[in-house]
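User: I am new to this structure and would like to learn how to read it. Could you walk me through it step by step?

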Amino acid sequence: MNRVKKIVRYLLFFGILAVIFLGLSRVFYPKENSVEAGMPPRDVKVNGIFGAENNSLDVIFFGDSITFTSIKPVQIWEEQGIASYVCGQSGQIIPEAYNWLKQILEKQSPDIVVLETNLIYMDDSMADQLNHALELQLASDIPFYKYHNRWKNMDESDWSRQPEEPKSDFTMGYEKKTAIVPYTGGDYMQTESAKEPLAFVPESYLDAVHRLCEKNDIQMMLVSIPSPQSWNGSRHDAVTEYAKEHDVLYLDLNLYAEELGIDWKSDTLDGGDHLNEAGATKVSKYLGTFLKERYGLTDHRGNAAYAVWDRLVEDQ
């Protein structure tokens, strides 16, 4: 009997604690998606997706900085009439993409979810990977855990003010970079080493994204953007194997750099890690055409419901 009472007391304690944390989460959560309002800089653009019209996006991209410097949704719209958004963050990893996707699917029903493959490779130990994934889950489920340090900059209005509707980013997640630092290495995709296998944690989350997409009748696609500093033949082989085993489409643009017209003397901003504006324009043209032809996506140009996209083209 005493044991039952202890269990009940523990349950009550943690239940009350959870209610308190959830209540504080509403107070501490930034009321605007801006750095000034307390949102981390790396979250601002991706959070802008919640400002898009409900069920208006055909394609959603996830990935780290390689993604948001290389994919231009407004260009893809202008050329193909496809509505897309880049939910990229500096250093984004697959557990983050999974948590964002769960939230986004409450407002959007895309045809395709595209993961840029660099987010699959987490260089930490398994213990650190598990710890990081747990922290991200807590931050997603209980925002107070993530934003508790905001107390330093809060005022009385934070206790009563309701969060504003997020503002959609006018580049739809893309970040323009014009610097030029050439890549001077050789053929980085040729390798004699064995494939670089996916670690347990990222592969588990990749499986989770796949299941979530299947549950919501969404096509999941993997894409690797040209990046000599981040990609190689060993990683290509591992992702290719995963894609075949799970019947997922994988497009490695590192193998098509010549077809894309990538010039490593002028199309990279930092010696081959990230593409600049010129490289992004080439990748976006190829990727938009590929998505349109492969999946038969609807061309929304001329549809009054998508007039906002025409205004975005004018603002670029």
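Predicted model: local features only at pLDDT ≥ 70, side-chain atom pairs only at ≥ 80, totals over all residues.

User: Let's begin with the whole chain. How many helices and strands are there in the chain?

Analyst: You will find 12 helices and 5 strands. Of the 316 residues in the chain, 49% are buried. The chain exposes about 16,100 Å², and carbon and sulfur atoms supply 52% of that area.

User: Now the inside, please. Which residues have the most contacts inside the largest nonpolar core?

Analyst: Those are Phe62 and Leu115, in a core of 77 residues. Helix α8 (residues 200–215) gives this core its largest share, 7 residues. To see how Phe62 sits, leave aside its neighbours within four places in sequence: Phe62 then touches, among others, Cys87, Trp100, Ile104, Val113 and Leu115.

User: And how should I read two packed helices?

Analyst: Two packed helices are described by the angle between their axes and the distance between the axes. Here, helix α4 (residues 73–80) packs with helix α12 (residues 307–315) at an angle of about 115°, and their axes are 10 Å apart. The α4 and α12 crossing is left-handed.

User: Which residues make the contact of α4 and α12?

Analyst: From α4 come Pro73, Val74, Trp77 and Glu78, and from α12 come Trp309, Asp310, Leu312 and Val313. Sorted by class, the contact of α4 with α12 has 6 nonpolar and 2 charged residues, with no polar ones.

How values were computed. Residues numbered from 1 in each chain as written. Heavy atoms only, no water. Axes fitted to C-alpha atoms, helices over the stretch in contact; angles between N-to-C directions. Helix = DSSP H or I, 4+ residues; strand = E, 2+ residues; numbered from the N terminus. Left-handed = near helix turned anticlockwise from the far one by under 90°. Contact = heavy atoms within 4.5 Å. Nonpolar A, V, L, I, M, F, W, Y, C, P; charged D, E, K, R; others polar. Core = buried A, V, L, I, M, F, W, Y, C linked by side-chain atoms within 4.5 Å. Buried < 20%, exposed > 50% of the residue type's maximum accessible area, 1.4 Å probe, protein only. Areas by Shrake-Rupley, 256 points an atom, 1.4 Å probe, with all protein chains shown as cover.
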